[in-house]
Amino acid sequence: MIRFDTSSGRLASQAADCLAIGLFDEERLEGPARELDVASKGQLRRLRADGDISVKPGDVQLLLQLPGVRARRVLVVGLGRRADFNRRAWRKAVGVALAACLKGRSAHLAIAIERPDAKLLGDYYLGRAVADLSSAAVYRVNDFKSGRRPRPPALKRVTLAGISAAARTAAAKGLAHGADIGAGQSMLRDLGNLPGNVCTPRYLADQARAIARAHASVRVRVFDESAIRRLKMGCLLAVSRGSAEPPRFIVLEHRGGRPGAKPVVLVGKGVTFDTGGISLKDPAAMDEMKYDMCGAGSVLATLRTIAAMKLPINVVGLIPAVENMPDGRATKPGDIATSAAGKTVEILNTDAEGRLILCDALHYARRFDPAAVVDIATLTGACVIALGHHFTGVMGNDDALAQELVQAGTDADDRAWQLPLTEDYAEQLRSNFADMANVAGRDGGAITAGAFLGKFTQGMKWAHLDIAGSAWNSGAQKGGTGRPVALLTQFLLQRTGRLP
Ligand code: BES
Ligand code: MN
Ligand code: ZN
């Protein structure tokens with residue numbers, strides 16, 4: 001864990017062993033660059049004139065023992081043209097500085113990279129971003145390699161330097177929140193990266209118990225297979241039938257708000273491995289279906305985060321956890337299951353299993369008389385086709401709630417985009433043999449999946465986050481992203497009405 005603090009002192013006297021500043025593509029030096037240039041009697045300007053420092057975005061130059069500067073290492077990050085500089089460019093520059101600092105194995109980094117206009121990035125969000133970017137930078141994949149372990153990152157302390165005395169309180173609050181959110185993101189990344197033979201429904205239940213043990217505000221209840229049967233969760237059980245791993249239904253409660261205040265209920269898809277079942281998936285990239293529990297992981301990680309932050313709000317986390325496997329006992333295409341809500345479902349495709357476990361969990365949410373229900377799921381490949389990997393898909397039956405989530409994503413740099421979930425889409429789910437089918441063809445697949453869930457949330461304010469594109473990276477950088485923990489935490493923070 002990194003320790004974070006703020007400093008309003010002179011940059012040249014910072015005691016850190018590495019100090020990062022930015023340099024714009026402009027004649028006159030301003031801000032931190034000017035301060036170090038004056039302290040070093042014009043050395044920065046000379047280096048720039050000699051072509052030894054680049055101002056190109058993404059470029060970074062390490063300067064050793066800059067005269068008049070206490071920090072032994074100074075990192076100068078190119079910021080490009082000031083007119084093009086925004087929050088995203090600033091985040092990139094901070095990321096570049098962190099990477100360079102980690103490479104040099106500095107233990108204490110002071111960041112004084114000029115920030116964009118306060119309208120684009122206020123003091124609180126400045127602190128938040130520095131902390132969550134730092135946490136992400138020191139994250140190491142939880143691999144199972146048997147060779148010598150690489151040395152852990154040396155970075156132990158990050159100082160947000162060169163900020164005004166007036167900004168310090170808000171920035172420090174941001175750093176503290178960002179550190180908690182960063183820890184939550186790392187937890188989710190770890191959970192997602194674990195292989196399916198380790199991260200099983202029972203493993204997720206153990207994680208939930210550990211969170212409740214560590215935080216007095218959190219309670220947990222775990223339902224085993226026979227208890228799930230008593231809850232009449234026939235759709236969940238239809239998915240789990242083919243698996244040797246027993247299912248679990250996990251209920252977590254963070255009681256931080258007024259007793260009796262209506263809770264926000266978060267529901268996370270916990271398919272710890274999705275083979276597709278009898279509607280077996282293609283072998284290519286099937287390994288990535290170990291990430292099919294990232295909805296569940298984000299509920300666990302968000303509950304831990306808000307418990308650590310002691311957020312004054314009541315939040316319930318519901319996690320249906322199963323494995324989706326083919327087997328002699330597995331559900332077959334055409335089988336009909338009865339949901340906890342009493343509606344029957346013709347399971348035309350056993351690979352559309354997420355909505356089946358979610359519909360039973362969403363029905364369970366009713367008993368809490370929730371202020372809002374948000375489900376989080378790696379639900380459809382179609383959502384990845386629609387939005388790619390940059391945005392989480394948002395749908396629901398309440399536009400205000402959907403926009404609240406979109407706004408939270410923007411503010412937390414964990415973006416989401418609303419898709420139109422109108423009544424039209426539900427019509428595609430007709431079945432000749434049951435109340436509805438679980439699939440509706442390829443067209444608009446992300447939305448028809450949402451429409452299926454919508455049949456179980458009538459009368460509740462509900463939104464659905466499809467994180468199929470945002471929860472993990474494929475390819476050489478394969479690994480969980482930690483999304484959407486920042487979005488969800490921001491959403492809950494907004495609801496407390498106590499955002500700095
Ligand atoms: N977990 C998958 C969705 C998924 C696929 C996420 C690929 C990320 C990458 C989900 O259970 C699934 O299989 N959905 C099907 C639905 C279809 C059968 C209607 C899909 O998207 O193909
Ligand atoms: Mn599936
Ligand atoms: Zn799935």
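## Pockets and salt bridges in a predicted model

Helix H6 (residues 201-214) holds both Asp 206 and Arg 209, three residues apart, about one turn of the helix. Helices (H or I, at least four residues) and strands (E, at least two) are DSSP runs numbered from the N terminus. This is a predicted model: local features need pLDDT of at least 70, side-chain atom pairs count only at pLDDT 80 or more, and totals for chains, interfaces and linings use all residues. Residues are numbered from 1 along each chain as its sequence is written, chains are lettered from A and ligands numbered from 1 in the order written, and side-chain values use heavy atoms, with hydrogens and water left out.

**Salt bridges**

A salt bridge is a side-chain nitrogen of Lys or Arg within 4 Å of a carboxyl oxygen of Asp or Glu. By this rule the count is 25.

| Pair | Closest N to O |
|---|---|
| Asp 206 and Arg 209 | 2.9 Å |
| Arg 229 and Glu 225 | 3.3 Å |

Asp 287 lies in the loop between strand S10 (270-274) and helix H9 (294-308), and Lys 478 in the loop between S19 and S20, so the pair ties together parts 191 residues apart in sequence. Arg 229 and Glu 225 sit four residues apart in helix H7 (residues 225-230), about one helical turn.

Partly exposed means a relative accessible area between the buried limit (under 20%) and the exposed limit (over 50%), with a 1.4 Å probe and protein chains only. Asp 206 is partly exposed at 41%, and Arg 209 at 33%. Asp 287 is partly exposed at 39%, and Lys 478 at 35%.

Arg 87, Arg 91, Asp 132 and Asp 413 are linked in a network of salt bridges.

**Largest pocket**

A pocket is an open set of points on a 1 Å grid over the protein atoms alone, where a 1.4 Å probe fits, with protein on both sides within 12 Å along at least five of seven lines; lining residues have an atom within 4 Å of a point. Volume is the space filled by probe spheres set on the points, which are joined across faces, edges and corners.

The largest pocket holds about 1,500 Å³. It is lined by 39 residues, and the closest to its centre are Arg 91, Leu 133, Asp 413, Thr 481 and Arg 483. H3 gives the largest share of this lining, six residues.
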